[in-house]
Amino acid sequence: MAHVRLFKHYIHLPYVILGLIDFLVLGFAFALAVFFGYFGDLSFFLENLTFVLPSATVFSAMNLLVMVAIGVHQSRLEEGMSGMMLRTMMALIVSIPLCGFAHLLAVDWLWYTGSSSVLTTGSVFGFFLLGIVRSIFFATVGKEAFKRKVLVLGAGYRAKQIHEDLKTPFNRKGFILTGFAPLPNEPIEISEDYLLNITTSLQEYIIKNPVHEIVVAVDDRRKGLPMEDLLECKMEGVRIVDGASFYERESRKVALEMVTRGWLVFSDGFTVSSVFGFGKRSLDILAASALLLASLPLMLLTAIAIKIEDGFKAPIFYSQERVGLNGSVFKVHKFRSMITDAEKNGAVWASQNDVRVTKVGEFIRKVRIDELPQIFNVLNGTMAFVGPRPERPVFVEQLSEKIPFYSERHRVKPGLTGWAQLCFAYADNEEDTREKLRYDLYYIKNQSLLLDLLIIIQTVEVVLFKKGSR
């Protein structure tokens, strides 16, 4: 199995294993630094190991948390080993003051993190050990070890969408596509190079050519879906999965063109509880309060910069109507990043190199400072910290008529950050909005406190590497 599902969110299994390995390696690196810094004698060190373990655990946890925040493990796929190790170095440097702060909070039981030399030495040891262990891990495991062999039943429109949308290495990191098995009388939209010539029954074929999973991506199931054959395959231990569910799992988004209201009704997800509601609201207040305290000096500097550029009488903030929970309209607050009469001719999409954006506005948009006043929307309850981005009523009305299920994004509170912001760039047209809706529906379907925490942590990467901002 190439995925682990924790609290309804799919996590690629190699990342889980690699995260655990990194945690152990970092703990060992810290213990090694303490050994050379304080002991030097192995037997004496082992006798006192119980005093070292709490600090080693905190050291590992802090570093792993920062690694998750800046996307260290995912970067292996996009940037290679060198990119992964560069991000690891950044994470280790950022974690040093965090570990020192942890020592100040718990000085009675964290024995050694107060020493900056130990933290620095542990980080250096950790960097080299992680490089060695990861190289051995990837060389031993190989690229295909955690991938499942998948056969797609169908060769029509739905099968074509799976083939085209899940063809990048990032989307195929969990499976190997063996081919497409067309059904009789089904229009074929897949190239012959990828079609399987199955002359026997499906069961006999998978016995000779083993696969782990059969994805049912048939356009019309009423036209001869081989149920008996699929049942025999399931009895052989092959997993049978619906095409829309497979697409959701591998891409972390919902395929709008493949789903129906029936699928949404009967598929797993879209469940909330009063406990989750209380936990989410508590997390919102905690995260918003922490962000407010951390960003207050930056907000003051931004206000001064806007005044300097546009004059003392120029407004610092601007408010807009946005659509929130259950379609209710509320006022959202932002730092003004455009000229004062930017929409004198009506609402329009923001675009790249927008001439209405001021010089200060261009900078604060890139680093998302313009969004910081929305912290007060989170605190007053009109927004959540994590959720779909709120849109203007005029655009909601237009998009709801053109895009299926668009109104479903208002089933939850809009958020300061969200799953779509992490996975996709800024939407400035209808097609981009359609793509972002796929991610928003995935979040709404699978929302949990764990997913909220992951989004909050990984938003740090968006800010640091300027992803998704315009």
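Predicted model: local features only at pLDDT ≥ 70, side-chain atom pairs only at ≥ 80, totals over all residues.
**Close-up 1. Helices α1 and α3 cross in a right-handed way.** Residues are numbered from 1 along each chain as its sequence is written, and side-chain values use heavy atoms, with hydrogens and water left out. Helices (DSSP runs of H or I, at least four residues) and strands (runs of E, at least two) are numbered from the N terminus. The axes of α1 (residues 13–39) and α3 (residues 49–69) come within 8 Å and cross at roughly 135 degrees. That makes α1 oblique to α3. Axes are lines fitted to C-alpha atoms, for helices over the stretch in contact, and angles run from 0 to 180 degrees between N-to-C directions. Under 35 degrees counts as roughly parallel, over 145 as roughly antiparallel, 65 to 115 as roughly perpendicular and the rest as oblique. Look for G19, F23, F30 and V34 among the α1 residues in the contact (heavy atoms within 4.5 Å), and for V52, F59, L64 and M67 among those of α3. By class, this α1–α3 contact has 12 nonpolar, six polar and one charged residues. Ala, Val, Leu, Ile, Met, Phe, Trp, Tyr, Cys and Pro count as nonpolar, Asp, Glu, Lys and Arg as charged, and the others, Gly among them, as polar.

**Close-up 2. Helices α6 and α9 are roughly parallel to each other.** Here α6 (residues 157–165) and α9 (residues 243–251) have axes that come within 11 Å and cross at roughly 10 degrees. On the α6 side, Q161, I162 and D165 make the contact; α9 brings G243, F246 and Y247. By class, that gives three nonpolar, two polar and one charged residues.

**Close-up 3. E213 forms a salt bridge with R239.** The rule is a side-chain nitrogen of Lys or Arg within 4 Å of a carboxyl oxygen of Asp or Glu, and the count comes to 16 salt bridges. In this one, the closest N and O atoms are 3.6 Å apart. E213 sits in strand β5 (residues 213–216) and R239 in strand β6 (residues 239–242), 26 residues apart. E213 is buried, at 1% relative accessible area, whereas R239 is partly exposed at 46%. Buried means under 20% relative accessible area, exposed over 50%, and partly exposed in between (1.4 Å probe, protein chains only). The pair also belongs to a salt-bridge network of R148, E213, R239, R249 and E250.

**Close-up 4. Helix α16 (residues 430–446) holds D440, which pairs with R409 from a loop.** Their closest N and O atoms are 3.1 Å apart, and both residues are buried.

Close-up 5. Most residues other than glycine have a negative phi. N326 is exposed, at 62% relative accessible area, but F405 is buried, at 11%.

Conventions. Left-handed = near helix turned anticlockwise from the far one by under 90°.
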